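Student: I would like to learn how to read the contacts in a model such as this one. Could we go through it together, one feature at a time?

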2 protein chains.
Amino acid sequence: MSGKKNPRETTLTEEAYQKLRWDIVSGTLEAGSPLRLENLKQRYGLGYSPLREALNRLHSERLVMSVALRGFTVAPLSLTEMWDAVDTRIHIEAEALRRAIKFGDDDWETEVISAFHGLSLKAKKLEQMDTPPMEEMKALEDRHHRFHRALISACRSNWLLDFSDKLYVETERYRFPVLGGPRARPSRDLTLEHQEIMEATIARDAEKAIALLSRHYQRTGETLSARYQPDAKPMAAGADA
Amino acid sequence: MSGKKNPRETTLTEEAYQKLRWDIVSGTLEAGSPLRLENLKQRYGLGYSPLREALNRLHSERLVMSVALRGFTVAPLSLTEMWDAVDTRIHIEAEALRRAIKFGDDDWETEVISAFHGLSLKAKKLEQMDTPPMEEMKALEDRHHRFHRALISACRSNWLLDFSDKLYVETERYRFPVLGGPRARPSRDLTLEHQEIMEATIARDAEKAIALLSRHYQRTGETLSARYQPDAKPMAAGADA
DNA sequence: AAAATCCAGATTTTCGAAAATATCTATTTA
DNA sequence: TAAATAGATATTTTCGAAAATCTGGATTTT
């Protein structure tokens, strides 16, 4: 049932990319650790070519570092890099949201509402579970991404959308351990925050929607900071790298 | 003298990347045309692996399109894409320049001035030539990039710098045929524009510098539009793709 | 005739061996 | 002893053949 039939459904490069990406974002492959091709070949049962192509793609997304002739490593985590991603994301998506609110049509509104619902349902479901399985975490991530993408999807700029995606990937990595870690989501109602953003957007109140979205990201950054600061271990090299 | 000794100076992937990139940006490889591996293998005398890796890298920079199992093509040109790149660049670099002016130190100022001089000298030299050789064009491009990069180099955001680089590559492609084409640079003194930007920046007048930089990019967009509009042929598929 | 099926030929993708390069250890030299 | 050199090992990079997949045209079926 799981779809691993013989007739391949996609390229092996794509498979390698998805698996590596997940293992990095989820922390299975630790930040900073070297990615030896022989290891990966064993681990995923794939040849050199698809692995290299996947690693190069991940390099362009800044999830892995690469030094010519010296191979690949999982990109390090650092608070300053995290904040850079958060700040830049606010700058990019504020503009994108402004334009989406200006240009968005009925289909866009529908997609925003639909994505919000899909997200909040899944979030409620996961909240009630003690230890959600990986599959569910992944599904939640997908819906979260879909919602934020939907908000700005009508901005009519492929470049803004592209950059937003890049930054989503980056911040996903920092957010993940928080979600999975000590289930402390204190004094914060994410679903409410999403709902308020959604409502201001649909109401075409650009300034309010932008302010709410910015605050949403800002708070996420603060949560991550608080999470990492006390226990500096998981971070690669202090908060400076 | 040219450095093609046996002991390799860099990876073949890098070599493939540089050559392909240049051939695309300069228009030698026409927009939209297919990039068959067998051809490229002949053309550059390289094997499949380095070529594929280079093509994937160019794909992530949007210079080539890629469809799984159907190979690569040179990315099409379109006016709307060009304007998207220009507008996004203004948005990104305005913020980056604001921060650079805020944070920049003495070294930064020095680099900005130095880069400006390098650029204006080379520009003056090229202006006096009838048909500048490719090498000189390439050198001018490098200095032009160096100048614009220097302006924002002190912004303290790797993401803004990264995005700016991406957009530079994209716009370079559209700018190139204009430079090489009918040498009509009517009523426009690029060196003066650069100088004004540089001076406002060094004077730490953020608003003025941003306004000048934005206008600079805006005008470039208009020049390119005017260049392409009358003769719609060179564009890939109208102005909509 | 239109749609569906099947076959070459062309092209991409993948593999693992071979070449190139880096890294580590032992040995020599100053 | 410390620095320099050389050799052995580990790792990445590159190559071209083989496998998988697509494309377009001819043949068959409805």
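Tutor: Let us begin with the polar contact, which is a pair of N or O atoms within 3.5 Å; within protein, one must be able to donate a hydrogen and the other to accept it, and residues adjacent in sequence count only if both atoms are side-chain atoms. This is a predicted model, in which local features need pLDDT of at least 70 and side-chain atom pairs count only at pLDDT 80 or more, while totals for chains, interfaces and linings use all residues. Residues are numbered from 1 along each chain as its sequence is written, chains are lettered from A and ligands numbered from 1 in the order in which they are written, and side-chain values use heavy atoms, with hydrogens and water left out.

Student: Which polar backbone atom is 2.6 Å from a phosphate oxygen of DNA strand C?

Tutor: That atom belongs to Leu69(B). Side chains also reach phosphate oxygens of DNA strand C: a polar atom of Thr13(A) lies 2.9 Å from one, and a polar atom of Arg36(B) lies 3.4 Å from one.

Student: How many residues surround DNA strand C?

Tutor: A residue is near a strand if one of its heavy atoms lies within 4 Å of it, and here 20 residues surround DNA strand C, with Leu12(A), Ser49(A), Arg70(A), Arg52(B) and Leu69(B) the closest. Of the atoms of DNA strand C that come within 4 Å of the protein, sugar and phosphate account for 80%. Helices (H or I, at least four residues) and strands (E, at least two) are DSSP runs, numbered from the N terminus; the largest share of this surface, three residues, comes from α3(A).

Student: How should I read the interface between chain A and chain B?

Tutor: Contact means heavy atoms within 4.5 Å, and by that rule 26 residues of chain A touch 26 residues of chain B. Buried area is the accessible area (1.4 Å probe) that two parts lose on being put together, summed over both; between these chains it is about 2400 Å², of which carbon and sulfur atoms give 56%. In chain A, Arg62(A), His91(A) and Trp159(A) lose the most area to chain B, together 30% of what that side buries.

Student: How many salt bridges are counted between chain A and chain B?

Tutor: A salt bridge is a side-chain nitrogen of Lys or Arg within 4 Å of a carboxyl oxygen of Asp or Glu, and the count here is two. In one salt bridge, Arg52(A) meets Glu53(B) at 2.5 Å, N to O.
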